[in-house]
Amino acid sequence: MNSNNPSTASKSFPIYEDLVKAHFIAAIVYSVIVVLTGMSFALQFLSLYPFPGVEFLSPGRVRMTHTMAVAYGWLANGFFAILHYVIPKLTGNATFSKKLGWICFIVFNCLVVLSEILILAGYGQAVEWGETPVIMDPLIAIAATLACFNFLAPIWKARHKSFYVSVWYITAALVWAPLVYVMGNFIPQYWMPGSGGAAITSMYIHDLVGLFVTPLGVGLVYYLLPVLLKKPVYSHALSLTGFWGLAFFYPMNGAHHYLQSPIPLWSQYAAIVASIGIHVVVYTVIFNYFATMQGEYKQLVTSIPVRFIAVGSICYLLTCIQCAIQVTMSAQEIIHFTDWVPGHAHLVLFGTFSFWLYAWIYYLWPRIFKTELYSRTMCEWHFWLAAIGVIVMWLDLLAAGLMQGFMWKNLVPFINTVEATKPFWWTRALAGTCILVSEFVFVVNIFMTWKYRRQAFNEQKLNEPLTRTKTA
Ligand code: HEM
């Protein structure tokens with residue numbers, strides 16, 4: 001077993017806790033924007049859009065702010081917060097510079113806010129997941145590179161040590177992320193228009209999730225799970241098999257987003273084969289997580305972070321099984337352009353990666369504020385509403401997608417398919433309401449934890465100076 005296993009790490013390291021807090025706060029603010037924009041756009045499908053006739057908040061633009069807020073606001077900020085904590089713990093070195101950390105935090109978030117405003121003002125690009133206005137692209141690429149450099153420097157400094165698997169995943173994600181961003185936002189735009197550019201865009205769409213969100217999500221759970229369970233990960237060898245499988249298969253998956261399109265057929269088939277390869281990766285990861293949990297299943301009841309990790313992992317498995325079905329040419333004939341696709345997207349980005357992020361926030365937030373969570377009951381409400389919401393939304397959109405696809409294939413007039421889908425869109429709105437309420441419960445709980453910590457801190461300061469130690 002690797003000597004850097006987090007469950008046995010005990011040394012104290014320089015961690016810039018203010019940066020952890022700042023990124024978490026930004027992530028949580030964006031999570032509220034995510035649910036509000038998602039809910040607004042869902043209401044458009046029911047002719048109940050809350051801002052009819054307001055060009056700045058027109059539904060198409062709000063949809064883009066929804067997905068931008070998911071990727072860059074909520075998930076990226078959440079991951080950056082955790083990296084500020086985890087990298088020093090795993091390498092024994094502080095991040096390159098605290099000042100650079102703050103510059104990156106401010107610049108990155110200003111760029112995200114500006115991008116959202118410009119998208120609402122009508123300057124979004126017609127590039128899926130690359131909707132950021134053209135003028136922002138080079139600035140975001142520079143900010144992302146600087147942020148990654150700040151995190152990679154301590155890893156480079158510790159390169160003579162043997163690394164725990166989380167460091168492998170984190171390193172890969174940080175090297176890949178700027179490359180993926182540049183590839184997706186510059187090559188189709190300036191050098192490769194047409195279907196060649198679409199092939200690159202498909203790779204970008206996939207790699208943003210597969211080479212940034214996935215390695216960080218998976219790598220960070222490999223850290224947190226043994227820490228929570230106070231035992232080593234089941235198999236280090238298996239964890240590395242998963243890592244190399246991801247590195248090898250994921251980049252070749254892209255064209256599976258554009259099956260049955262004018263992209264050369266050989267590249268569509270290559271993407272299908274590589275997508276099957278991805279299953280090996282996911283099964284090794286899920287097996288390793290659950291084998292690590294073996295004997296500790298009671299913690300699913302007692303520990304909120306363990307529960308979020310477990311349910312997130314089940315969603316990851318379901319996403320992958322679903323992927324095996326939807327990656328075939330015959331399934332694509334039916335489900336392409338239907339509601340099946342957002343069903344899949346919510347399961348993976350909310351059910352999996354957001355659930356893992358919640359696990360981290362519930363673990364870390366009380367630690368950095370040296371306090372207890374405000375309310376366990378609110379944690380339970382958050383968990384159950386979010387879990388029910390995402391599963392209902394997923395099943396509902398899958399069913400809607402199948403129905404739409406078969407109706408289209410049978411040349412039913414389009415407007416009839418819209419009418420037929422209405423009950424499914426109502427169900428999505430109800431599931432969305434569950435998610436929205438869960439999110440507000442979560443935010444209030446996190447805010448109250450902070451507020452009462454401040455009160456306790458101030459009261460204690462009046463009586464005796466509080467000895468603040470670095471989080472180990
Ligand atoms: C109140 C809860 C939510 C509602 C009602 C909602 C609703 C929607 C709607 C209506 C769309 C557009 C679907 C379409 O174009 O047909 C969408 C897209 C999307 N949403 Fe949400 N959403 C919610 C929360 C979330 C959360 C929490 C996440 C992830 C953290 C998320 C991730 C996404 C993604 C990735 C897409 C793009 C799907 C695609 O392009 O296929 N959503 N959402």
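Modeller: Two residues are in contact if their C-beta atoms, placed from the backbone, lie within 7 Å. Take Trp360: leaving aside residues up to four places away in sequence, Trp360 touches Ile82, Leu220 and Leu224. This is a predicted model, in which local features need pLDDT of at least 70 and side-chain atom pairs count only at pLDDT 80 or more, while totals for chains, interfaces and linings use all residues. Residues are numbered from 1 along each chain as its sequence is written.

Colleague: How many helices and strands does the chain have?

Modeller: Helices (H or I, at least four residues) and strands (E, at least two) are DSSP runs, numbered from the N terminus. Here there are 14 helices and 0 strands. Read from the N terminus, the order of elements is α-α-α-α-α-α-α-α-α-α-α-α-α-α.

Colleague: What is the radius of gyration of the chain, and what would a compact globule have?

Modeller: The radius of gyration is taken over C-alpha atoms, and the globule rule is 2.2 Å times the number of residues to the power 0.38. For 472 residues the rule gives a value near 23 Å, and the chain has 22 Å, so the two agree. The C-alpha trace spans about 75 × 50 × 45 Å along its principal axes. Of the contacts with a separation of 6 or more, 83% join residues 24 or more positions apart.

Colleague: What percentage of the residues in the chain is buried?

Modeller: A residue is buried if 20 or more other C-beta atoms lie within 10 Å of its own, exposed if 12 or fewer, and partly exposed in between. Buried residues make up 46% of the 472 residues in this chain. Helix 3 (residues 98-123) is one place to look: its buried residues include Cys104, Phe105, Phe108, Asn109 and Glu116. Among the elements that cover the buried residues of helix 3 are helix 1, helix 2 and helix 4 (137-157).

Colleague: Which residues have the most contacts inside the largest nonpolar core?

Modeller: A nonpolar core is a set of buried Ala, Val, Leu, Ile, Met, Phe, Trp, Tyr and Cys residues joined through C-beta atoms within 7 Å. The largest one in this model has 132 residues, and those with the most contacts inside it are Leu224, Phe308, Trp356, Ala359 and Trp360. Helix 6 (residues 194-229) supplies the largest share of this core, 19 residues.

Colleague: Is Gly196 buried or partly exposed?

Modeller: Gly196 is found in helix 6. Gly196 counts as partly exposed because it has 14 C-beta neighbours inside 10 Å. Gly196 and Pro262 lie 66 residues apart in sequence, yet their C-alpha atoms are 9.2 Å apart. Gln299, in helix 9 (residues 299-302), shows another pairing: Gln299 and Gln260 are 39 residues apart along the chain, and 46 Å separates their C-alpha atoms. Gln299 touches Leu229 and Val306, again not counting residues up to four places away.

Colleague: Which residues are the closest to the ligand?

Modeller: A residue is near a molecule if its C-beta atom, placed from the backbone, lies within 6 Å of it. The ligand is surrounded by 21 residues, of which the closest are Gly38, Ala42, Ala345, Phe350 and Gly432. Helix 1 (17-44), helix 2 (59-91), helix 12 (340-368) and helix 14 (414-463) each supply at least two residues of this shell. Helix 12 gives the most, with 7 residues. The shell divides into 14 nonpolar, 6 polar and 1 charged; Ala, Val, Leu, Ile, Met, Phe, Trp, Tyr, Cys and Pro count as nonpolar, Asp, Glu, Lys and Arg as charged, and the others, Gly among them, as polar.

Colleague: How far does helix 13 reach from its first C-alpha to its last?

Modeller: The expected span of a helix is 1.5 Å times one less than its number of residues. Helix 13 (residues 376-409) has 34 residues and reaches 49 Å, close to the expected 50 Å. Trp381 sits in helix 13 and touches Ser438 and Val441, not counting residues up to four places away.

Colleague: Where does Trp129, with its positive phi, lie?

Modeller: Most residues other than glycine have a negative phi. Trp129 has a positive phi of about 65° although it is not a glycine, and it lies in the loop between helix 3 and helix 4. Trp129 is buried because 20 other C-beta atoms lie within 10 Å. Lys370, in the loop between helix 12 and helix 13, also has a positive phi, near 50°. With 14 C-beta neighbours inside 10 Å, Lys370 counts as partly exposed. Leu411, which follows helix 13, has a positive phi near 60°.
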